Structures are given as structure tokens and as C-alpha cells.
Amino acid sequence: MTSAVPRLLWVSKFTVPTRTSNPVGSNPACSVISPNCGWKPTALLLRRFGSSPPSTDVTYEQLKVLLAGQKSTVIDVREPWELREYGIIPGSINVPLGQVNTALQLGPEDFREKYGGEMPQQADKIVFSCLAGIRSKKALDQATSLGYKNVQHYPGGWQEWMKNEQLK
């Protein structure tokens, strides 16, 4: 039964055949991959075709531009006490990580009443932020699972924001 399985599938690594020689007395049937036909396996190089997906990371500079142009909704997923203690990125809306899933399923009026900002639509650009990028990535994953397509996160978080703002 093994003879029915192409050699490519039963060698220990992914391989691509390469012709090493033309054995004496070979016949046209030798074009089938066979250990007796002068073929040797070569490592398979995988290449991704098509365009790569856009990055989900936003830099400090990109976030400043987005905030200045009001081209996205920036959601800070830290707890309210963290914002009081450390500060807030101007123009962001506070939705703690534990509430993101529910918040993004509210109606626009309920969202505005509870969080004090406009409810982002599924096609809107959303940037999540937190203290250092861990929770914002989790929020991004939650939003994506709810059907939001244009979501990003600021991996530097509040810590990077503050460091850059103090340099100005």
C-alpha cells in the first residue's frame, strides 16, 4: 500500500524532489518520484503568497496622529483607579478589560451613557490601550471575535505614552 503514497508524503521531512542525474537506461516512466530514479529530496521552502495582513500595532506617533485627526476610537482598558493614579491618554474612553466584550455589544445610547463616548461601529477604527500592552492585546482579540475588523492596539501603553510626553 505504501507504493500508492507519493514519496513526498512518506519522507521524514517536507521535501521537494530534485533530479540529480539521468540514470543509465532510465525510461520516461522514471518521471514519477522514486528512490530508484535518481531523485533526491531537497528542503522545501515555504513562501507566503498574497499581501500580509496589516499590523495590529500602533506606534506612539501613529496614535498621536489618530487622536489629533479624531480618526479612530481609542479605548483604554485599564481599571478606573489606574487612570486616577497614573493618568489618561487625552481623547480616550475608559472601558475596563473585563467589560470590553459586553460594552462592544451595547446599543449606542447605553454605551455613551455608561462610558461617556461614542460607541464604535464594527467598521470603525478602534485602538486599544492599557498600561503596557498586555491587556490591550486581549481587548483587540475580544473585539475581533465580535466581528470588529479595523482594530489595533498600542503595545507601549500608558508607560510609553508618558515617557514620550515628558520628552516634549
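Biologist: Hi! Which residue follows H2, and what is its phi like?

Modeller: H2 is followed by Gln70, and its phi is positive, near 45°. Keep in mind that this is a predicted model. Gln70 is not a glycine, and it sits in the loop between H2 and E3.

Biologist: What do most residues other than glycine have for phi?

Modeller: A negative one.

Biologist: And Gln70, is that buried or exposed?

Modeller: Exposed, because its relative accessibility is 71%, and the cut-off for exposed is over 50%.

Biologist: Back to H2 itself. Which of its residues are buried?

Modeller: H2 runs over residues 60-68, and Tyr60, Leu63, Leu66 and Leu67 are the buried ones. They span an arc of only 120° around the axis, so they lie on the same side of H2.

Biologist: What covers them?

Modeller: The cover includes strand E3 (73-76), E5 and helix H7 (157-166). On the face turned away from that buried side, H2 carries Glu61, Val65 and Ala68, which are exposed.

Biologist: Nice. Which salt bridge does Lys64 form?

Modeller: Lys64 pairs with Glu165, with the closest N and O atoms 3.1 Å apart. That pair ties together distant parts of the chain: Lys64 belongs to helix H2 and Glu165 to helix H7, 101 residues apart. Lys64 is partly exposed, at 31% relative accessible area, and Glu165 is also partly exposed, at 26%.

Biologist: How many salt bridges does the structure hold?

Modeller: It holds 6. One of them joins Arg112 and Glu109, where the closest N and O atoms are 2.7 Å apart. Both residues lie in helix H5, 3 residues apart, which is about one turn of the helix. Glu109 is exposed at 55%, while Arg112 is partly exposed at 30%. Glu109, Arg112 and Glu118 are linked in a network of salt bridges.

Biologist: What does Lys137 pair with?

Modeller: With Asp141, at 2.9 Å between the closest N and O atoms.

Biologist: Why do residues three or four places apart in an α-helix point the same way?

Modeller: Because an α-helix has 3.6 residues a turn.

Biologist: Switching to the cores: how many residues are in the largest nonpolar one?

Modeller: It has 19, and those with the most contacts inside it are Val77, Val95, Val100, Phe111, Phe128, Tyr148 and Val151. At least two of its residues come from each of helix H4 (97-103), helix H5 (108-115), strand E5 (126-129) and helix H6 (134-145). Another core, of 12 residues, lies apart from it and has Tyr60, Leu63, Val127 and Trp158 among its members.

Biologist: What does Val151 touch, leaving aside its neighbours within four places in sequence?

Modeller: Val151 is in contact with Thr56, Ile126, Phe128, Leu140, Ala143 and Thr144.

Biologist: Last one: how many helices and strands are there in the chain?

Modeller: There are 7 helices and 6 strands. Of the 168 residues, 34% count as buried.

How values were computed: Residues numbered from 1 in each chain as written. Predicted model: local features only at pLDDT ≥ 70, side-chain atom pairs only at ≥ 80, totals over all residues. Heavy atoms only, no water. Core = buried A, V, L, I, M, F, W, Y, C linked by side-chain atoms within 4.5 Å. Buried < 20%, exposed > 50% of the residue type's maximum accessible area, 1.4 Å probe, protein only. Helix = DSSP H or I, 4+ residues; strand = E, 2+ residues; numbered from the N terminus. Contact = heavy atoms within 4.5 Å. Arc of directions from axis to C-beta. Salt bridge = Lys/Arg side-chain N within 4 Å of Asp/Glu carboxyl O.
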